Structures are given as C-alpha cells and as structure tokens.
Amino acid sequence: MSAGTIALMWEARATEGRGAELLEWARARAGELARPPLRSELLRAPQDRVLVVTWWEGAYGDELPELPEPDAGIVTRPVHRWRFESLGSAGR
C-alpha cells in the first residue's frame with residue numbers, strides 16, 4: 001500500500017481499582033514514543049478500559065512506534081491492538 005495516514009489503536013482493561021493508574025501509565029508511555037505521532041488521543045470507558053489512538057504518516061506495513069504491554073498486574077488481559085489505514089473523511 002502507498003504512504004498515507006495510519007491509525008494505531010491500543011486498548012487495555014485495568015484490574016479492579018487500578019483504572020486511574022493504567023490511564024496515567026498509558027499517558028506517560030504515549031509521551032515517550034520514539035517519535036511524536038501526527039496526532040494522538042487518550043480515551044477511557046467503563047470497566048476501567050483505556051484506549052490510545054495515534055495517527056502516523058506512512059504505509060500500512062511500516063514499522064511504527066507503539067505503546068508497550070503494561071505490567072501483568074495492572075491489566076486483566078493482554079492488550080488489544082488494531083491498525084487502520086485512513087480512507088479520508090466519512091462525510092458531513
């Protein structure tokens with residue numbers, strides 16, 4: 001695929017009572033990426049879930065900086081990761 005914009009999504013669920021800790025951990029790691037993304041966003045959801053989305057210039061298969069796995073004690077399961085290629089605006 002040709003170069004464009006790639007969105008990387010990183011999602012984790014904290015162990016009970018550690019949602020704020022996971023949120024701050026993700027915020028800190030996003031600030032430590034090897035290079036800054038075009039854009040990034042930090043989101044949270046019920047059940048202490050944390051989502052980090054970063055946007056990068058590049059092709060789908062390019063190696064891009066990603067957030068690492070947190071320590072096993074802070075999350076209930078392995079991190080979920082997704083990669084998407086931007087196709088432009090959805091309208092409106």
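Which residues are buried in helix 1? In this predicted model, the buried residues of helix 1 are Gly19, Leu22, Leu23, Trp25 and Ala26. They cover an arc of only 165 degrees around the axis, which puts them on the same side of helix 1.

**Helix 1**
- Helix 1 is made up of 12 residues, spanning residues 19–30, and its reach of 16 Å from the first C-alpha to the last is close to the 16 Å expected at 1.5 Å a residue.
- An α-helix has 3.6 residues a turn, so residues three or four places apart point the same way.
- The partners against which the buried residues of helix 1 pack are strand 1 (4–13), strand 2 (39–45) and strand 3 (49–58).

- The side chain of threonine 54 is joined to that of tryptophan 56 by a polar contact of 2.8 Å.
- When residues up to four places away in sequence are not counted, threonine 54 touches Ile6, Ala7, Leu8, Leu33, Pro37, Arg39 and Ser40.

- With neighbours within four places in sequence left aside, arginine 44 is in contact with Leu23 and Arg49, and Leu23 is one of the buried residues of helix 1.
- Between arginine 44 and arginine 13 the C-alpha to C-alpha distance is 9.6 Å, although the two are 31 residues apart in sequence.

How values were computed: Residues are numbered from 1 along each chain as its sequence is written. This is a predicted model: local features need pLDDT of at least 70, side-chain atom pairs count only at pLDDT 80 or more; totals for chains, interfaces and linings use all residues. Side-chain values use heavy atoms; hydrogens and water are left out. Helices (H or I, at least four residues) and strands (E, at least two) are DSSP runs, numbered from the N terminus. The expected span of a helix is 1.5 Å times one less than its number of residues. Buried means under 20% relative accessible area, exposed over 50%, partly exposed in between (1.4 Å probe, protein chains only). The arc is that of the directions from the helix axis to the C-beta atoms. Contact means heavy atoms within 4.5 Å. A polar contact is a pair of N or O atoms within 3.5 Å; within protein, one must be able to donate a hydrogen and the other to accept it, and residues adjacent in sequence count only if both atoms are side-chain atoms.
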